[in-house]
Amino acid sequence: SQIMSRGLPKQKPIEGVKQVIVVASGKGGVGKSTTAVNLALALAANDSSKAVGLLDVDVYGPSIPKMMNLKGNPELSQSNLMRPLLNYGIACMSMGFLVEETAPLVWRGLMVMSAIEKLLRQVDWGQLDYLVVDMPPGTGDVQLSVSQNIPISGAVIVSTPQDIALMDAHKGAEMFRKVHVPVLGLVQNMSVFQCPKCKHKTHIFGADGARRLARTLDLDILGDIPLHLNIREASDTGQPIVFSQPESDESWDLFCVFREHVWRMH
Ligand code: ADP
């Protein structure tokens with residue numbers, strides 16, 4: 001059964017898009033974009049008949065172009081909509097395609113909102129089964145406006161086990177509840193580092209913090225991802241781990257994040 005969004009009446013679906021999954025975090029740098037990219041790739045790998053798109057609305061720090069090894073200006077369709085750029089079978093759109101990489105994004109609120117409006121409404125996605133949206137970190141105007149403007153099937157919240165990140169993740173979950181977006185669950189990222197030489201495990205950001213938060217909020221833990229060199233390198237070289245090392249353990253950890261809720265959405 002489909003997860004129905006009990007959205008507000010003014011929400012208008014994105015043309016051609018069946019399900020929207022947003023990936024959010026309270027704090028920056030916790031692995032939200034990494035999760036979004038690998039979620040999109042896992043959804044596509046899980047069922048090759050599904051068309052998947054990735055929308056980066058992290059307007060202040062777009063990282064999808066680098067992670068998906070894409071750059072360039074989107075072409076316009078006949079009806080003046082932007083055509084997404086394509087890599088690894090995923091249609092992508094990002095603020096990073098629209099402004100110079102080095103341009104300072106010191107924008108006033110209004111300009112950010114018009115950029116968001118463009119990214120939400122002026123993209124020619126064709127037909128998509130899933131659109132994964134990489135949100136900006138935190139619970140500001142952009143997050144609220146995205147949540148209120150389009151029907152969202154579910155939100156995935158990413159956090160490290162560190163207290164400060166968890167506090168912000170908690171706020172994120174509360175925000176989605178207020179705007180009636182179902183929270184699919186939490187992803188605990190960077191939970192453990194295993195020394196490749198001596199195999200000793202260190203919980204650099206603390207252990208099980210996200211699990212405790214999940215219990216408090218009565219949410220599922222969708223996955224628990226270790227801090228691993230391969231994941232960082234895969235992101236930085238624009239060859240996401242789920243695509244480049246599908247057989248690796250880390251890839252499997254990321255994959256597991258999505259099995260459950262992909263299953264629930266059918
Ligand atoms: P956010 O979107 O929350 O700001 P990113 O996904 O951009 O975070 O991740 C921040 C940095 O940490 C990136 O360089 C990314 O490659 C790296 N990273 C994310 N998750 C992991 C992980 N589990 N192991 C190693 N590096 C990671």
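Strand β2 (residues 52-56) pairs with strand β4 (residues 90-94) in the parallel sense over 4 bridges, where two strands count as paired if DSSP finds at least two bridges between them. This is a predicted model, in which local features need pLDDT of at least 70 and side-chain atom pairs count only at pLDDT 80 or more, while totals for chains, interfaces and linings use all residues. Residues are numbered from 1 along each chain as its sequence is written. Helices (H or I, at least four residues) and strands (E, at least two) are DSSP runs, numbered from the N terminus.

**Strand β1 and its partners**

- Strand β1 (residues 17-25) has 7 of its 9 residues buried, so β1 too is largely enclosed by the rest of the structure.
- β1 pairs with strand β5 (residues 128-134) in the parallel sense over 6 bridges, and V23 stands opposite D134 in β5.
- β1 also runs parallel to strand β6 (residues 154-159), to which 5 bridges join it, and here I21 stands opposite G154.

**The shell around the ligand**

- Of the 17 residues around the ligand, G31, K32, S33, T34 and S235 come nearest, a residue being near a molecule or strand if its C-beta atom, placed from the backbone, lies within 6 Å of it.
- Helices α1 (32-46) and α7 (229-236) each supply at least two residues of this shell.
- By class, the shell has 5 nonpolar, 10 polar and 2 charged residues, where Ala, Val, Leu, Ile, Met, Phe, Trp, Tyr, Cys and Pro count as nonpolar, Asp, Glu, Lys and Arg as charged, and the others, Gly among them, as polar.

**The two sides of helix α7**

- I231, A234 and S235 are buried in α7, and they cover an arc of only 100 degrees around the axis, which puts them on the same side of the helix; the arc is that of the directions from the helix axis to the C-beta atoms.
- L229 and D236, on the other side of α7, are exposed.
- Just after α7, G238 takes a positive phi of about 70 degrees.

**Positive phi outside glycine**

- N80, although not a glycine, has a positive phi of about 65 degrees; its place is in the loop between α2 (64-67) and β3 (85-87), and N80 is exposed because 8 other C-beta atoms lie within 10 Å.
- Y88 is likewise not a glycine and has a positive phi of about 50 degrees; Y88 lies in the loop between β3 and β4, and this residue is buried, with 21 other C-beta atoms within 10 Å.

Technical notes: Buried ≥ 20, exposed ≤ 12 C-beta atoms within 10 Å, placed from the backbone.
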